[in-house]
Structures are given as C-alpha cells and as structure tokens.
Amino acid sequence: MGLRHKDLVSINQLTSDEISLILDMADSFREVSARPIKKVPTLRGRTVINLFFEPSTRTRTSFELAAKRLSADAVNISKSSSAVVKGESIKDTAQTLQAMAADLVVIRHAASGSAELLAKHMDCSVVNGGDGWHEHPTQALLDLFTIRQEFGTLQGLKVAIVGDIAHSRVARSNILALTKMGAKVIVVGPPTLIPKDIEELGVQVSHDLDSVIPEIDVLYLLRIQLERQGEPLFPSLSEYATLFGVDKRRLLMAKPDLIVMHPGPINRGVEIAPEIADMPQSVITNQVTNGVAVRMAVLYLLIGGGAQDE
C-alpha cells in the first residue's frame with residue numbers, strides 16, 4: 001500500500017489508513033537516527049529542494065536531515081536567495097525547479113494555498129511545510145506519532161489545543177488529523193483567538209482551561225503569534241499567561257499521565273511556565289526527534305517506492 005496522491009499539501013488528502021501507514025513507516029525509520037552512522041541508501045540519486053519563504057529552524061532542518069538520512073541530495077533555498085526577491089512568481093519558480101529535475105519540493109510560504117498552487121504546476125511531488133494560516137500537515141503527523149508513542153493509541157484520547165487557534169496552521173492540521181484518527185479535541189482560548197465556525201470541524205470549544213485540564217490526556221500548547229495579529233486580540237501577555245498559560249498549579253489538576261506538547265518555538269512565561277517545558281510530562285523534545293522520522297516516512301512514501309500518481 002502507498003499514498004494515493006503525489007503530493008502532501010493537506011491532512012484532508014490522507015485517509016486514516018494512510019495516516020497509520022505513515023506513522024508505522026516512521027516507527028521503522030526512527031532507529032536510523034539512533035545509529036552511529038545515521039544514513040540508509042533508500043533515496044540515493046533523488047533530489048529534495050527545501051523552498052522556505054518564511055523563517056524556520058525546526059521544520060527546514062528536520063526536512064533536510066530526513067532527506068540526507070535517506071541519502072537524497074538536499075538543496076535549501078530561502079526567500080532572500082531566490083529570484084522571488086526579483087519579482088518571480090511561484091509558478092515560474094516551480095517551472096524553474098522542475099527544469100532542474102527535482103524529485104520533491106518542500107515549500108513554506110506565508111500565503112495560504114501556496115503549496116496547493118505549486119503542486120498544480122509541478123509534475124514532481126510537493127510537500128506543504130506550512131502555508132499561512134492554512135495547514136502544516138507534517139507537524140500534525142509528528143504530533144500524532146508522539147502521542148501514539150506515549151499512549152499506544154489515538155482512539156478515544158482527549159486532546160486540548162490551547163491558544164491562538166485562529167492563526168494556527170498547526171491547530172488546523174492537528175484538528176483534522178486527530179479527529180480522523182478517533183481522538184476527541186477541545187480547543188481552548190479567549191473568544192478572539194477561536195474561529196466562530198470551529199465546531200464544524202468536530203471539536204468542542206472552551207474558554208476555561210481550569211475546567212478542561214482534569215479530563216484530558218494531552219495538553220497541546222500553541223505559541224502566541226503576535227506577528228500574525230493586526231490589532232491586539234487580548235489585553236496583555238501577562239493576562240493571557242494568567243488565564244491560559246500552564247504552570248505547576250494547573251498541572252496538579254491533571255491526570256498523572258497527562259503529556260504536554262508544543263510545536264515550538266516556545267515562549268517561556270507566556271503559554272508555558274519556564275519549568276514546565278523541562279518536566280517529565282513534557283514531550284516537546286520528543287516531538288522534534290520524531291519529526292525527522294516522520295518526514296523520512298513522508299519522503300519515502302512519496303518518492304521512494306510507495307507513491308502512486310493520481
């Protein structure tokens with residue numbers, strides 16, 4: 001069994017069986033990163049281009065390591081070093097890269113829909129590395145992998161996603177992926193940070209974190225993205241931290257096996273108290289480690305032998 005599509009631009013493209021396939025494949029790739037020589041010849045001769053038009057440390061490095069550990073040639077292009085600064089369109093960029101015989105392009109862009117647009121103009125595979133407020137599918141997949149690693153299943157778990165839901169592509173992809181795999185999702189935050197129609201995605205809404213914590217298995221904290229907000233959407237960071245930040249007092253109300261997650265970068269003292277990120281309940285560094293394995297699985301399934309063109 002492979003993936004039905006040549007691209008991964010949205011979680012909606014994946015069935016629950018395909019998500020399970022990616023997670024199972026990632027499980028087999030995770031041990032590669034623990035070897036003294038962290039490389040297998042699986043994608044030797046293939047070329048992966050990381051086209052990142054937004055700043056990124058975790059995602060870009062994770063994709064680069066994933067490609068290199070599969071022995072693919074990895075090329076990194078940033079906005080400042082691309083012809084985009086000279087006015088070139090995404091379509092022209094796509095045609096240029098295609099002429100260089102790229103096998104797969106990972107794109108991160110501030111515009112929602114940019115990954116889908118690129119995929120329509122390229123014969124090679126395209127992976128969405130985060131597009132605007134839309135989606136970040138590989139982040140959701142590595143989050144699901146980490147949760148399954150901790151609990152052995154996703155079915156029936158309760159996950160609270162806390163914070164700036166409105167501007168978060170991570171939240172959107174996680175909601176789609178978690179509900180598809182049988183988890184229950186509660187979104188928590190001030191009304192100004194939660195879209196009005198969010199219940200249509202099959203989630204509950206709460207504005208009271210203290211009432212939610214005792215019943216959940218996973219506490220997923222989002223970074224406050226002030227750079228994506230126009231006018232301030234809450235009075236102050238200190239008030240946000242008081243109402244929705246996680247500290248030791250709040251963790252005392254949680255189940256003993258609750259895990260704390262965050263896609264990074266974290267704002268210590270805002271969405272998470274400084275000491276919480278380093279406590280045993282935190283699996284934030286596991287998410288980063290698992291990201292490489294999950295992206296290896298995605299690359300392999302798209303261009304290594306499991307892909308099937310539409």
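Here is a guided walk through this structure, from its overall build down to a few single residues. Keep in mind that the model is predicted.

Let us start with the whole protein. The chain folds into ten helices and nine strands. Its radius of gyration is 19 Å, close to the 19 Å that the globule rule gives for 310 residues, so the protein is as compact as a globular protein of that length. If you draw a box along the principal axes, the C-alpha atoms fill roughly 55 × 40 × 35 Å. Of the 310 residues, 54% count as buried. Among contacts between residues at least 6 apart in sequence, 73% join residues at least 24 apart.

Strands of a sheet pair through backbone hydrogen bonds, either parallel or antiparallel. Here five strands line up in the order β7-β6-β5-β8-β9, and their pairing is parallel. At the edges stand β7 (204-206) and β9 (259-261); each has a single partner strand, so one side of each is left without a neighbour in the sheet. From one strand to the next, the twist averages 20°.

Strand β8, made of residues 218-221, pairs with β9 in the parallel sense over three bridges. Across β8 and β9 lies helix α5 (residues 137-151), which runs at about 165° to β9.

Helix α5 is also the place of Q139. Is this residue buried or exposed? Its relative accessibility is 7%, so Q139 counts as buried. Leaving aside residues up to four places away in sequence, Q139 touches V170, Y220, P263, Q287 and R295.

Next, turn to a pair of helices. Helix α1 (residues 16-30) packs against helix α10 (residues 284-303) at an angle of about 115°, and their axes are 8 Å apart. From α1, the contact is made by L21, I22, M25, A26, F29 and R30, while α10 brings a set of residues that includes T289, A293, M296 and Y300. The crossing of these two helices, α1 and α10, is right-handed.

Finally, there are some backbone details to look for. Most residues other than glycine have a negative phi, and most peptide bonds are trans. With that in mind, visit S71, which has a positive phi of about 70° although it is not a glycine. S71 sits in the loop between α2 (58-69) and β2 (73-78). With a relative accessibility of 15%, S71 counts as buried. A101 is not a glycine either, and has a positive phi of about 65°. You will find A101 in the loop between α3 (90-99) and β3 (104-109). At 53% relative accessibility, however, A101 counts as exposed.

P265 belongs to the loop between β9 and α10.

Key: Residues numbered from 1 in each chain as written. Predicted model: local features only at pLDDT ≥ 70, side-chain atom pairs only at ≥ 80, totals over all residues. Heavy atoms only, no water. Pairing = 2+ DSSP bridges. Helix = DSSP H or I, 4+ residues; strand = E, 2+ residues; numbered from the N terminus. Axes fitted to C-alpha atoms, helices over the stretch in contact; angles between N-to-C directions. Contact = heavy atoms within 4.5 Å. Rg over C-alpha atoms; globule rule 2.2 N^0.38 Å. Buried < 20%, exposed > 50% of the residue type's maximum accessible area, 1.4 Å probe, protein only. Left-handed = near helix turned anticlockwise from the far one by under 90°.
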